[in-house]
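Good morning, and thank you for coming. I would like to take you through one structure, from its overall layout to a few individual residues.

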Amino acid sequence: MTITPADMLLYAGALFVLFLTPGPVWVALIARTLSGGFHAAWPLALGVVVGDVLWPFLAILGVTWIVSVYADFMLVLKWVAVLTFLVMGWLVIKHARKTIASDTRLTRPGMWAGFLAGLAVILGNPKAILFYMGMLPGFFDLTALTWADIAVICFLSLTVPLLGNLTLALFVGRARVLLTSPAALYRTNLISGCLLIGVAFVIALT
């Protein structure tokens, strides 16, 4: 392995700073937590993990051609993500007066819906690979990396955002428990639905 513990610590710190920068993932995570609590949010965090590992892995391999060769595919992926969040936001607003427990359409597919939402929000922004292509060479000599180095980098890219996202969802979920009145739940669901729709617009405009 060519990278040192200091390199790993510096990169982990950069990932943490990146996590602290609000973006579509934050908005989607908060919206899911407000509408369904921590139980509805952690699958989204797992979906985000796929992109958190995929983009740096592709950047390390130097596959710059993915942006041009698969440009049309990426565009389709982006609009699938937009549609996903528009539908999710509309459903939450439509059923704003119902609790998650009373709406089986939101509970039974909840885990898969959350996972796919996380996948959509992270893969719907292919600019992430451009970010990693610009960032990783500043931390590591990509030409000298071994497979062990790549595994460590991908592990850090997975772990730091995942822990941050789960912690955020846990705190928002705890706050949501305080909203027990029907009026408070109604307002919370309206806000979360609007946030989900907002994610769709952010993805569409970026």
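Residues are numbered from 1 along each chain as its sequence is written, and side-chain values use heavy atoms, with hydrogens and water left out.

As to confidence, pLDDT is the predictor's own score for each residue, from 0 to 100. The chain has a mean of 76, with 72% of its residues at 70 or more. Over residues 100–109 the pLDDT is below 50. Where pLDDT is low, the predicted coordinates should not be read in detail.

Let me turn to the interior. Buried means under 20% relative accessible area, exposed over 50%, and partly exposed in between, with a 1.4 Å probe and protein chains only. Of the 206 residues, 44% count as buried.

A nonpolar core is a set of buried Ala, Val, Leu, Ile, Met, Phe, Trp, Tyr and Cys residues joined through side-chain atoms within 4.5 Å. Which residues touch the most other members of the largest such core? Of its 37 residues, they are Tyr11, Tyr132, Leu136 and Ile153. The elements giving two or more residues to this core include α1 (5–20), α3 (38–60) and α9 (147–177), and α9 gives the most, with 9 residues. Contact here means heavy atoms within 4.5 Å. Leaving aside neighbours within four places in sequence, isoleucine 153 is in contact with Ile3, Tyr11, Ile60, Leu136, Phe140 and Leu145.

Arginine 176 also has its place in helix α9. Is this residue buried or exposed? Arginine 176 counts as buried because its relative accessibility is 18%. Its C-alpha atom is separated by 8.9 Å from that of glycine 36, 140 residues apart along the chain.

Finally, leucine 205 lies in helix α10 (residues 182–205). With a relative accessible area of 73%, leucine 205 is exposed.

Key
This is a predicted model: local features need pLDDT of at least 70, side-chain atom pairs count only at pLDDT 80 or more; totals for chains, interfaces and linings use all residues. Helices (H or I, at least four residues) and strands (E, at least two) are DSSP runs, numbered from the N terminus.
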